[in-house]
Amino acid sequence: MVKTTQVDLKDQDLLGALRGFFKAVLEREEISAILVPWRLPMKNTVMPTLITDPQQLDRADPLSPGFAINTARVVSRLTRRASAGKVVAVMRPCEIRAFVELVKLRQGRTEELVIIGLDCLGAFGNRDYFRWVGDDAEASTQKFYRAVLTGSGAAMDGVDLSRACKACELPTADGADIAVGLYGVDTAQHLLVQARTPEGENLLGKLGLVETQEPPGRMKALEKLVAERIAFRDEMFNQTRAATDNMEKLGTYLANCVNCYNCRVACPVCYCRECVFVTDVFDHEPAQYLRWAERKGAVKLPTDTLFYHLTRLAHMSTACVGCGQCSNACPNDLSLMELFRSVAHRTQAGFGYAAGRSLDEKPPLSEFRENEFPEVVGI
Amino acid sequence: MNDFEPTIVAFFCNWCTYTAADLAGTSRLSYPSNIKIVRVMCTGMVDPKYVIKSFLEGADGVLISGCNPGDCHYINGNFKARRRIKLLKEILAQFGFQPERLRLTWIGASDGIRFAEIMREMTAQIKSLGPNEGRLKMVI
């Protein structure tokens, strides 16, 4: 049974209520620090920040549409070994899913971690967010969450949610220890706080919040949102597949790639400690380039662009959580999220797997059964 | 189309299929020279990169062949290979690769006759599919 409580708002201040809730959590003796999206003092940009002083939580901004990096990578760093302190991490649902994948790959641990996940209101692309946010970040975030939560949509001032967010069918923090509900909740009055694991229930029980029931409209609001997202996603898949249904078209799709590998750096689930594409495996002999050029009369440099993207898909597509940071990181605005997600959808379906769904499901390539995939074997 | 001679890159495991190829040879069985064999210790070591690179370099087909279930010299490498081939088939299909171009078979060390049959069949299949477009067109 999920333990459901609520936090009441003062003066309809949703950010204030969340900050108060985070402060109450951080003031618990057993909690050493809290990782939250936090407005940097020198600039109105929001970055994951590890906080030990409750006063600093006044700059916490968990509802901002700024999503500069996927926090899963940072949480992986914080938890890969015992730290002698319990950390609370405030994460978006896609960040939690990515972290679940990293834990399964032994690049993170859940032992000294409590995850607080918020219903995700979505995010703008990085370029859009940095341009949009302006000088008054508090007002900007308020404007954003009010627009989303009152149903008037995130499109404002010529910017809109990133395509990754528009195609995201998993906006709730199902993998969190404590989930904060916003959709279908009267967020002018209160927000919903639910414990989803024994760990979460343990912490939540100590905060003395008022127990309540999930409002009846919440399920319906979520169903409507998810249906819109799935429709957008499927249309996006169709368009992307039509644009890449042979190798020549894939070459066209990726023609502006400059092999910077930013998509791999930004990807939370690209798990290799050292990417093979920067090892001496790909330090080709100068004579090799001449041979390649000779064969067809021309060879584009740097080489191995398609090879890189296809290999990356073989590595990460079963773990792709659709966060869209690849598209965010691309200097040449390639539609990478669309490509990677459409392939990931196929490969995950092929193995009956969903990235980030559960810590108990093993990654598809890390296990096998004796009798499976008979269609793959034979002439 | 009839004078098209495909290139098929084949990764054979040292213990079963490569031995079967040897047996086919010493038994004077003939099979098409389109099959270019790379001997590996186990199909479980065939990195997806090897397959992707083969196709990007213009191979018309890729064949991976190892031991029958239960016979793997390393206990379960062939089962691991099967998952990787499944993954590659899912990925490559989106980009218009016919799934028949990538094959996984299990041929035991004593199956020289079957080995030659499968090589003939695979070659005929790839011939009827025609050349891999990567060979014909400039790809990046």
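**Reading contacts between domains and chains**

Tutor: Let us begin with the boundary inside chain A. Across the interface of domain 1 and domain 2 of chain A, 3 salt bridges are found. Please bear in mind throughout that this is a predicted model.

Student: Which residues make up domain 1 and domain 2 of chain A?

Tutor: The domain assignment places 3–232 of chain A in domain 1 and 240–367 in domain 2. The C-alpha centres of these two domains of chain A are 29 Å apart.

Student: How many residues of domain 1 of chain A are in contact with domain 2 of chain A?

Tutor: A contact is counted when heavy atoms lie within 4.5 Å. On that basis, 25 residues of domain 1 of chain A touch 27 residues of domain 2 of chain A. The area buried between the two domains of chain A is about 2,200 Å², with 50% of it on carbon and sulfur atoms. On the domain 1 side, A:Glu101, A:Lys104 and A:Arg127 lose the most area to domain 2 of chain A, and together they account for 26% of what that side buries.

Student: What is the partner of A:Arg127 in a salt bridge?

Tutor: To call a salt bridge, one looks for a side-chain nitrogen of Lys or Arg within 4 Å of a carboxyl oxygen of Asp or Glu. A:Arg127 pairs with A:Asp333, and their closest N and O atoms are 3.4 Å apart.

Student: What area do chain B and chain A bury between them?

Tutor: Chain B and chain A bury about 4,100 Å² between them, and 68% of this lies on carbon and sulfur atoms. In terms of contacts, 38 residues of chain B meet 48 residues of chain A. One salt bridge joins A:Arg295 to B:Glu57, with the closest N and O atoms 2.8 Å apart.

Student: At what angle do the axes of helix 12 of chain A and helix 2 of chain B cross?

Tutor: For a pair of helices, one considers the approach of the axes, the angle and the handedness. The axes of helix 12 (residues 305–316) of chain A and helix 2 (residues 48–56) of chain B come within 10 Å and cross at roughly 145°. This crossing is right-handed. On the chain A side, the residues in the contact are A:Leu306, A:Phe307, A:Leu310, A:Thr311 and A:Ala314, and they meet B:Pro48, B:Lys49, B:Ile52, B:Lys53 and B:Leu56 of helix 2 of chain B. Sorted by class, this contact has 7 nonpolar, 1 polar and 2 charged residues.

Student: Which peptide bond is cis?

Tutor: The bond from A:Leu301 to A:Pro302 is cis, with omega near -5°. A:Pro302 sits in the loop between helix 11 (286–296) and helix 12 of chain A.

Student: How many salt bridges does the structure hold over all chains?

Tutor: Over all chains there are 34 salt bridges. Among them is the pair of A:Lys23 and A:Asp58, whose closest N and O atoms are 2.8 Å apart. A:Lys23 belongs to helix 1 (residues 14–26) of chain A and A:Asp58 to the loop between strand 3 (46–51) and helix 2 (72–79) of chain A, so this pair ties together parts that are 35 residues apart in sequence.

Definitions and conventions:
Residues are numbered from 1 along each chain as its sequence is written. Chains are lettered from A and ligands numbered from 1 in the order in which they are written. This is a predicted model: local features need pLDDT of at least 70, side-chain atom pairs count only at pLDDT 80 or more; totals for chains, interfaces and linings use all residues. Side-chain values use heavy atoms; hydrogens and water are left out. Axes are lines fitted to C-alpha atoms, for helices over the stretch in contact, and angles run from 0 to 180 degrees between N-to-C directions. Helices (H or I, at least four residues) and strands (E, at least two) are DSSP runs, numbered from the N terminus. A crossing is left-handed if the near helix is turned anticlockwise from the far one by less than a right angle, and right-handed if clockwise. Ala, Val, Leu, Ile, Met, Phe, Trp, Tyr, Cys and Pro count as nonpolar, Asp, Glu, Lys and Arg as charged, and the others, Gly among them, as polar. Domain bounds come from an automatic or database domain assignment. Buried area is the accessible area (1.4 Å probe) that two parts lose on being put together, summed over both.
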